[in-house]
Amino acid sequence: MKKLLFIFVILLWGCTKPDIPLPNPPVEKIFSVGESSVTNGQSIHFDLPSAGVYTLTLIDKESGNVVSRERFTGQYGENVKKIYTKSISVKYLYLLLEDVTKKEISKTTIIIN
Amino acid sequence: MKNLLVTLFLLISFLGFGQSVSAPDSKSFTPSTNGQDGSGFSISGFTTTDVLLTSISLINPPTGTTFYLGTTTGLAPASGFTLTGNKTRLVVTGTMANVNTALASLKINTGATIGNIQLSVATTINPTGYYYNGVNGHFYKPVSTGANFANAITTARNSTFKGQKGYLVTITSSDEDLFIYNNVPQSNIWFAADDRTTEGRWVISDGPEIGTLLKTSNGQYAGNVQGVYNNWASGEPNDWGGNEDAAVTKWGGGFYWNDLSTANVNPYVIEYGTWTNPDDQTFTEFYNNSVTHSNGEVLSARFNIDFGGNVDETKFSAKGYTYTNNTWNLVNGTTKQLSGLGKVDLTSGLDTTKITDGYKATIVPGQVEWSLINPYEPARNGHRLQIDERVFYGTGINLNDIKYIKLFDIYEGPITPLDFNGWWKQWLVPNDIGLTNKANASSYQSNIRLQDGWYAFKADYTFSVNQMYKPHGIELSYVNQTDLNTLYSNIVSVSDVYLAFKELSDKGIFGNQSGMGFSKGIQYMNADVDMNGVFDENDTYKLLQHLTGVQPLSQYTALTYLIKLYNKSDYDSITPNNWNTKFNNTRNLIPFTLNGLNNTYNISVSWLGDVNLSHSAQPATNAVASNSIRTMSLTTNSVSNQINAELMSENVGGNLVVTISIDPLQQELVGTQFQLNYDNTALKFGKVEFVTKGNPTNFGTDKGTYVILGSLITDGSTTLDKTTEYKITFSPLMGLSSVLGLTSISATDAVSKNGAQLKVKVN
């Protein structure tokens, strides 16, 4: 009987679903949508065509003036940066990605919540 | 000369001078009475063939108060309205003549409820393709060609109409829903509601109500937020096919909403206007006026407060005070927010108690010319009223006892004793009462004689104890101190300081010539920051200290130490020659006198140190010229009055370094100023480094959440060139893997050698 129980336990253990890690759900790229709402410190995901120096720029949609800009060195493929909003006093902005020659790579609209 | 006249005519035509709505004087209606005369509004300045869109509105009237038009010939009702019947609001189209005829026939019905009756009339040339909603004062433009949901939002936001940015229509009431239903012929119309972020969680996705939660789950009534308008069709929204994330109204031609795929191409409606009260509208070329009558005896005071441009009037509130025993006493704690047009009505903020003060003289038609009144004298800011002293024999009443008069049907109000002039006792009737018009309109022509500009009256007199309301004052307050500090940083900026230096330096070697910087008396008053009646180097020194952050203009930051309030007539009478004889001090409380039940006051606002009047009322004496210049500058600034600045920020060695580089373009640039905001929970201000030529005064002042920085060459002897650069360093209070948005530029100023304010384009 003991042997039977042992075999049964072994069989149950053998049927347990292996602990295979699930892939993370795909993250929406900021420039793949026409518009996004953002909150302070929110991460944004975007792709770069090559490694190098780029800028991310926030432009007031109403005045056309640049409100904030960050120059950074990016990597090929997916990059993650953060947007901070506490210092910004306008609600509707363009987010612009440019390369080192100021050539526009991508552009989208963001709304600060 | 001909060309000049033609140019002037074209300019005036282009700028649209002349069109206006005039309003009648306030009056009291009898409660519970129908058909009382509510006429007196009149529209002018349009051509005879213009078709006008005109809105007539009662703003929050007492229960039972309505109006109707006795004559509606030639008018057509706007959608949702009928011409007949009693109304609280009516929108019509018609020619100016037809509308004026209708307005002249306006009748008021009153109920038993006592209260203010604010009647407002607004008009514009009826725009083709746009629909006006008289309930909220917004315009709507249907776009029948359609777009997917995202493009509909983008197109709406990129459009403007009459100076207002558009947004995808928001539907917040059944009235608004019905308005769209009636005015847009298509079906399945996108409006600003979606659950794109979380399935079933529907929010308003554009416009002034953006982010407002409509409902928390799918289904016609499931999760509908109480008090928020929802109008879903049966079984909707249902996310059919798993991809319906945006809402349409007039679903299938009916009156209800449905959810559809955002990829669908549907017609949509663009809405213009963010206010809820039509009386607060700020559309350009949209003319309105209002009057506050009362139903029954209601004491009221209407204030039209002119802040000029660049100030958000709705951030100010007002309270009423009385002045008794040498003290200002708050009537009650209720504050009233100013409207977007700077209007505010005080009713509960007034004290209805009357006090005894001297005598009232009532002047009625008689046999002998005992009295005369002189034309308006600007130096006195009033009319001299003269009464033969024999009138007073045996009364025991002296010159100083008369505090109030009723002169025929021409004037009733306070007077100020002056002096004796031969047989005449003299008083001053304050302000310009429009004597000629009132005398011509008087019912007692046979008792009035015009002689050399003054009028004589055959009159009799009675004297009675003067019962009057207590002296009152209106006090303004600002929404909060932090916002006020920021506003004031923008009011007194580098262009003000340079203009003051320029004016002073142009006064000749003996300092007694007229400078070239100022053209208006109020500019001298605002530049005389120590308020000692002399504008001199002490003032420019203080202005420079303020700009550079060494010493603020005022020791205190409260509104009362910064703002200047004037009665409009006083403000308009200030000239470059008499300014140092006028009251020049800051105050957020201005006295006023209540005469009768319905009172209107026009107040002009200016600020200590606002030398270029960028945030102040424009004095009326120069109104046409200055308005022309201001309007023209809006169109020409971008071309000729502009400099460029380039902004960059990056992580350098663990610090955040922000660089602002200047390109003066073709300008002779002598001053710059930037407000660089920073997130003080993430950054600590370090320093500003300046790269400048020409030995300017450079300044960089940390204000806790922002830095004010820039340069000024006070004597204009050199200019700032393309090498000008400012480098601002912050140390981090957290990791700096990203810096976007940790700093931002929110305000700029620049000035050229000739004193012109320049626009700064930040690239």
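## Interface between chains A and B

In this predicted model, 30 residues of chain A are in contact with 32 residues of chain B. A:Arg69, A:Tyr84 and A:Ser87 supply 26% of the area that chain A buries against chain B, a share that exceeds that of any other three residues. The area buried between the two chains comes to about 2600 Å², and carbon and sulfur atoms give 46% of that area.

## Polar and charged pairs

The rule finds 21 residue pairs in polar contact across the interface of chain A and chain B, both members being at pLDDT 80 or more. Two salt bridges are also found across this interface. In a salt bridge between A:Arg71 and B:Glu650, the closest N and O atoms are 2.6 Å apart.

## Strands and composition on the chain A side

On the side of chain A that touches chain B, at least two residues each come from strand 3 (52-60), strand 4 (66-74), strand 5 (77-83), strand 6 (92-99) and strand 7 (104-112) of chain A. Strand 4 gives the most, with six residues. By residue class, this side of chain A consists of eleven nonpolar, eight polar and eleven charged residues.

## Chain B

Chain B contains eleven helices and 47 strands. Of its 763 residues, 51% count as buried. Among the contacts in chain B with a separation of 6 or more, 71% are made by residues 24 or more positions apart.

Methods. Residues are numbered from 1 along each chain as its sequence is written. Chains are lettered from A and ligands numbered from 1 in the order in which they are written. This is a predicted model: local features need pLDDT of at least 70, side-chain atom pairs count only at pLDDT 80 or more; totals for chains, interfaces and linings use all residues. Side-chain values use heavy atoms; hydrogens and water are left out. Contact means heavy atoms within 4.5 Å. Buried area is the accessible area (1.4 Å probe) that two parts lose on being put together, summed over both. A salt bridge is a side-chain nitrogen of Lys or Arg within 4 Å of a carboxyl oxygen of Asp or Glu. A polar contact is a pair of N or O atoms within 3.5 Å; within protein, one must be able to donate a hydrogen and the other to accept it, and residues adjacent in sequence count only if both atoms are side-chain atoms. Helices (H or I, at least four residues) and strands (E, at least two) are DSSP runs, numbered from the N terminus. Ala, Val, Leu, Ile, Met, Phe, Trp, Tyr, Cys and Pro count as nonpolar, Asp, Glu, Lys and Arg as charged, and the others, Gly among them, as polar. Buried means under 20% relative accessible area, exposed over 50%, partly exposed in between (1.4 Å probe, protein chains only).
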